[in-house]
Amino acid sequence: MSPKEIVSSYKEFEDLLIKATNTANEGITISSMDQIDRPLVFVNEGFERLTGYSKDDVIGKNCRFLQGEETDQTTVDILRRAIKKGEQATVELLNYKKDGTAFWNRLSITPLKDKNGVTTHYVGVQSDITELRETQKNLKSANKELALFQDKINFELEEARRVQNFILPSILPSTNKLSFASVFEPMDQIGGDFYDILEIEKGIFGVLIADVTGHGIQAALLTFMTSFAFKNIALQTSSTAKVVTETNEKLYNKMPRGSFITMFYAVYDSNTQLLKYTQAGHPEGYVIRANTREVIPLTSLSPLVGAFSKETVSYSESIVKLETGDKVLLYTDAILEVWDSEDVMMKREEFTTFLIKNSKLPIDELLKDIKLFCLKFSGQSSFNDDFTMVGFEVLS
Ligand SMILES: Cc1cc2nc3c(=O)[nH]c(=O)nc-3n(C[C@H](O)[C@H](O)[C@H](O)COP(=O)(O)O)c2cc1C
């Protein structure tokens, strides 16, 4: 290649560079560091478009002319210090266009050094980030509003949870023939588990455990509805099938589509030691017989509640004779739906073996130990779902 050709291709390259520089949307500027007041020696067309100033307006001037009344001086200080040390800096600062319009400038300045390390020039790149700042500001205030809204929802959920606790018995009944115990561990969200214990007549107790579908406010409202419907009926009769049948009638058509309740309702007559029960779509209950070290499942396999019309469902009732020392355990599905660290679900036999092994414990201790057993099995410190049990022990 001849020197002439090199020059001509170098010129071509230079033209290309200038064209590229002018096409950029950003402002590109060069200031000379060895002239008085470090004036601009180059600005691209992007700078002209951005600021409204022409090359002729600005060449030979220090770029501080873009600053104005509301330009933050601590940010200008950052630039000043960087230039003094010959370092790079990036800042966001308020600047003013030729027509006086303010804009947010993301400015980056980078030193160009000669072979001795002396800064001869600085390259500046200016971007208009006014819209971005506006969007960030709006986003910030939207996030703030969202956080306030979330606080409000949390507060209301907390209230709903508090009120929901009112439907649980505050004191468990106790007689010389019977001892009751319960464990209720609601998860963070409002869940749909609840239980109730009623004295229907002297020595005759109704024990209910129920699980309403879903979580949140809807579950809270459904637990109220179910609890009130149930209580009104349960105080009138000792037939568990009748109570569940009538509760279903009361709730059917009043529940949101797809919602239902599973329940296990038992009535124990401490005068006769007979236990009647109806299992409506709910996990079976257990009688834990300490004397013979047996666990007897309580099943009556009836459909769930609230989802079917009275013409299409019927609820049956079973009966079992209890003995002194027997314990009755009712619970919701979280007790059997525990997984270990390898995702293996607890087998029913593992659970019943545990019950047999601990069948001599008083009912309150047994329930506490079941909870610990399930937690140990899952290797966690709390449950993923409501964890609810209610039980009683025949003392005599
Ligand atoms: C290459 C270069 C570009 C600059 N561009 C801007 C700019 O767009 N807006 C601005 O407010 N300051 C800009 N400055 C900063 C000012 O020119 C000046 O350095 C700053 O105000 C601090 O120095 P002073 O105390 O002399 O004002 C730039 C500086 C350099 C070196």
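**Entry 1: a loop residue.** I looked up Arg 38 and found it in the loop between strand E1 (27–32) and strand E2 (40–43); helices (H or I, at least four residues) and strands (E, at least two) are DSSP runs, numbered from the N terminus. The model is predicted, so I note that local features need pLDDT of at least 70, side-chain atom pairs count only at pLDDT 80 or more, and totals for chains, interfaces and linings use all residues. Residues are numbered from 1 along each chain as its sequence is written, and side-chain values use heavy atoms, with hydrogens and water left out.

Arg 38 is not a glycine, yet its phi is positive, about 45 degrees. Most residues other than glycine have a negative phi. At 40% relative accessibility, Arg 38 counts as partly exposed; buried means under 20% relative accessible area, exposed over 50%, and partly exposed in between (1.4 Å probe, protein chains only).

**Entry 2: another positive phi.** I found Asp 343 in the loop between strand E14 (327–331) and helix H8 (348–357). Asp 343 has a positive phi of about 70 degrees and is not a glycine. With a relative accessible area of 62%, Asp 343 is exposed.

**Entry 3: Asp 193.** I placed Asp 193 in strand E7 (residues 193–201).

The side chain of Asp 193 makes one with the side chain of Thr 332 at 2.7 Å, and one with that of Thr 388 at 2.8 Å.

**Entry 4: the core.** I looked up the largest nonpolar core, which has 48 residues. Such a core is a set of buried Ala, Val, Leu, Ile, Met, Phe, Trp, Tyr and Cys residues joined through side-chain atoms within 4.5 Å. Tyr 265, Leu 275, Leu 322 and Phe 392 touch the most other members. Apart from this core lies another, of 26 residues, among them Tyr 286 and Val 295.

Note on methods:
A polar contact is a pair of N or O atoms within 3.5 Å; within protein, one must be able to donate a hydrogen and the other to accept it, and residues adjacent in sequence count only if both atoms are side-chain atoms.
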